[in-house]
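Let's take a walk through a protein model together. Keep the picture open while you read, and look up each residue as we get to it.

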Amino acid sequence: MRTFLLASAVVLMSGLTLSAADAASPATGRTVYEANCAACHGADGTATVPGTPSFSKRERLEKPDGQLMNAIRNGLNIMPAWQGQLNADEMTSALMYIRTLGR
């Protein structure tokens, strides 16, 4: 019985993880990026505003996801905070898409 409960919990948690991952995607991130980020970071990730990282050159992308998400949520230097403007899935999707630029 104990093994069955443990196996059921693992299956349930796996399903929850997949659902959360399915909500955020690079395809959605591209739409979010084009609407909210491209004006400064460039459509292809080449910065158009001085002092803004060029993702096409992999600038700042050596940082861990948590640090980049913090910058997206709360803003950094001249970048505004996106918390309250974008939901968590949109911010995660944008980061997923940004990580595909410059490869």
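Arg60 is partly exposed, with a relative accessible area of 30%. Here, buried means under 20% relative accessible area, exposed means over 50%, and partly exposed is in between, using a 1.4 Å probe and protein chains only. You'll find Arg60 in the loop between α3 and α4, with α4 covering residues 65-74. Its phi is positive, about 70 degrees, although Arg60 is not a glycine. Most residues other than glycine have a negative phi.

Asn77 is another one to look at: its phi is near 55 degrees, again a positive value in a residue other than glycine. Asn77 sits in the loop between α4 and α5. With 66% relative accessibility, Asn77 counts as exposed.

## The whole chain

A quick word on what you're looking at: this is a predicted model, where local features need pLDDT of at least 70, side-chain atom pairs count only at pLDDT 80 or more, and totals for chains, interfaces and linings use all residues. Residues are numbered from 1 along each chain as its sequence is written, and side-chain values use heavy atoms, with hydrogens and water left out.

The protein chain has five helices and zero strands, so from the N terminus its elements read α-α-α-α-α, where helices are DSSP runs (H or I, at least four residues), strands are E runs of at least two, and numbering starts at the N terminus. Of the 103 residues in the protein chain, 29% are buried. The chain exposes about 6,700 Å², and carbon and sulfur atoms supply 61% of that; the areas come from the Shrake-Rupley method with a 1.4 Å probe, and for residues only the protein chains shown count as cover.

Contact means heavy atoms within 4.5 Å. Take the contacts between residues at least 6 apart in sequence: 48% of them join residues at least 24 apart.

## Where α2 meets α5

How do the axes of helix α2 and helix α5 cross? They come within 7 Å and cross at roughly 95 degrees, with α2 spanning residues 26-36 and α5 residues 88-98. The axes are lines fitted to C-alpha atoms, for helices over the stretch in contact, and angles run from 0 to 180 degrees between N-to-C directions. α2 and α5 are therefore roughly perpendicular to each other (65 to 115 degrees; under 35 is roughly parallel, over 145 roughly antiparallel, and the rest oblique).

Residues of α2 in this meeting include Pro26, Thr28 and Gly29, while those of α5 include Ser93, Met96 and Tyr97. Ser93, in helix α5, is buried, with a relative accessible area of 0%. Beyond its neighbours within four places in sequence, Ser93 is in contact with Ala23, Ala24, Ser25, Pro26, Thr28 and Gly29. Met96 is also found in helix α5, but at 32% relative accessibility Met96 counts as partly exposed. The C-alpha atoms of Met96 and Thr28 are 9.1 Å apart, although 68 residues separate them along the chain.

## His41 in α3

Is His41 buried or exposed? His41 is buried, with a relative accessible area of 9%, and its place is in helix α3, residues 38-41. A polar atom of its side chain lies 3.1 Å from the backbone oxygen of Pro53. Leaving aside neighbours within four places in sequence, the contacts of His41 include Tyr33, Thr46, Phe55 and Met79.

Methods
Polar contact = N/O pair within 3.5 Å; in protein donor to acceptor, adjacent residues only side chain to side chain.
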